[in-house]
Amino acid sequence: YPALIKPLIEEENQYSKGAGRVFAIQKARVTGKYVAFCEGDDYWTDPLKLQKQYDYLEAHPDCSLCATSGDWLNMKTGRVEKQGKVPADRDFTAEELITGRERPFMTVAVMVPAEVWLTLPTYRFPIGDYPLTIYAATRGTVHMLADVCCVYRWYAAGSWTARTDGDAKRVAISEKMIAALERFDESTGGRYAAPVQERIRSHRYTAAILRGDWAAVRSEELYPIYKSRDLLHRLSDRLRCRFPGLYKKLRHLIRK
């Protein structure tokens, strides 16, 4: 289908060299009204996925992002995880999406007006779906369809989740997320300061646990997060922070 499928064939892969982000590579090629994404480790399962999202966006011009439900397939275990679905079509607020209390969809599930994607500011987040989602939420409504239309493969070989597995890498990601969230907060004039600070504290808590910094976990800023978690998660966090070797051995046994 040469009128529809227009491959970009590079003599030398620029993305793998860090010389070409997908946004930079594809920006000049976008000519349509909407943009949808299907990265190499994921796939669509409903032949009407794009049509359903197109119909919704056309009927709701105030909508700046429409996602579908999808399956999270854990490639380590072969199991489909619980994330990625809603029981009924619904909107999400900017506060829900910024804090991360709600993270129902992923890049493969998303369709946005091209104008939203093309004007996405450079916040320098270490991940791609989150900045697009929160930016879209500042531009209009964010809607999710209950129909399961795609599969997100978690820990697929070469995928982002596989390449970032490991405590040191996750600490580095949290630190980059904090810096990017601070830039987002500045760019929006502090309009979402409360949810931004909640998300920043969450990343500081994660980094403290992974670094084994129990003093930071017990600090006035982070201890309320620890206390708010259920007993099983508190035990897991404490074990992971104070006895990381034992934690990894137990985790391995449980997974087996």
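How far is the sulfur of Cys150 from the closest cysteine sulfur? It sits 6.6 Å from the one in Cys149, too far for a bond. That comes back in the fourth view below.

A word on the model first. This is a predicted model, where local features need pLDDT of at least 70, side-chain atom pairs count only at pLDDT 80 or more, and totals for chains, interfaces and linings use all residues. Residues are numbered from 1 along each chain as its sequence is written, and side-chain values use heavy atoms, leaving out hydrogens and water.

**View 1. The largest nonpolar core has 45 residues.** A nonpolar core here is a set of buried Ala, Val, Leu, Ile, Met, Phe, Trp, Tyr and Cys residues joined through side-chain atoms within 4.5 Å. Buried means under 20% relative accessible area, exposed means over 50%, and partly exposed is in between (1.4 Å probe, protein chains only). The members that touch the most other members are Leu65, Ile98, Phe105, Val110, Val112, Phe125 and Tyr130. Elements that each supply at least two residues of this core include β3 (63–74), β7 (141–154), α7 (167–187) and α8 (193–211); helices (H or I, at least four residues) and strands (E, at least two) are DSSP runs, numbered from the N terminus. There's also a second, separate core of nine residues, with Ala208, Trp214, Ala216 and Val217 among them.

**View 2. Zooming in on Val110 and its contacts.** Contact means heavy atoms within 4.5 Å. Leaving aside neighbours within four places in sequence, Val110 touches Val35, Ala36, Phe37, Lys49, Gln53, Leu65, Cys66, Ala67, Phe105 and Leu132.

**View 3. Strand β7 and the strands it pairs with.** Ten of the 14 residues in β7 are buried, so the strand is mostly covered. Two strands pair if DSSP finds at least two bridges between them. β3 runs parallel to β7 over eleven bridges, with Leu73 partnered by Arg153 of β7. Strand β5 (residues 90–92) goes antiparallel to β7, over three bridges, and here Phe92 stands opposite Val142. Strand β2 (residues 43–44) is antiparallel to β7 too, joined by two bridges; Trp44 has Cys150 as its bridge partner.

**View 4. Cysteines, but zero disulfides.** A disulfide is a covalent bond between the sulfur atoms of two cysteines, and the cut-off used is a pair of cysteine sulfur atoms within 2.5 Å. Cys63 is in no disulfide: the nearest cysteine sulfur, that of Cys66, is 5.5 Å away. Cys63 is buried, at a relative accessible area of 4%. Cys150 is buried as well, at 0% relative accessibility.

**View 5. Two edge-to-face ring pairs, Phe37 with Trp117 and Phe92 with Phe105.** The structure holds ten aromatic pairs. Rings of Phe, Tyr and Trp (its six-membered ring) pair if their centres lie within 6.5 Å; planes under 30 degrees apart count as stacked, over 60 as edge-to-face and the rest as tilted. Phe37 and Trp117 are 5.9 Å apart centre to centre, with 65° between the planes. This pair links distant parts of the chain, 80 residues apart: Phe37 is in the loop between β1 (34–36) and β2, and Trp117 is in helix α4. Phe37 is buried at 13% relative accessibility, and Trp117 is buried with a relative accessible area of 7%. As for Phe92 and Phe105, their ring centres are 6.0 Å apart and their planes are at 80°, so the pair is edge-to-face. Phe92 sits in strand β5 and Phe105 in the loop between α3 and β6, 13 residues apart. Phe92 is buried at 4% relative accessibility, and Phe105 at 5%.

**View 6. A cluster of rings.** Ring pairs link Tyr123, Phe125, Tyr130, Phe184 and Tyr192.

**View 7. Helix α8 and what covers it.** α8 has 19 residues and reaches 27 Å from its first C-alpha to its last, close to the 27 Å expected; that expected span is 1.5 Å times one less than the number of residues. Buried residues of α8 include Pro195, Arg199, His203, Tyr205 and Leu210. Covering the buried residues are, among others, α3, α5, α7, α9 (214–217), α10 (223–228) and α11 (231–242). Just after α8, Gly212 takes a positive phi of about 75°.

**View 8. Arg251, over in helix α12 (residues 244–255).** Arg251 is partly exposed, with a relative accessible area of 28%. Arg251 and Ala146 are 105 residues apart in sequence and 33 Å apart in space, C-alpha to C-alpha.
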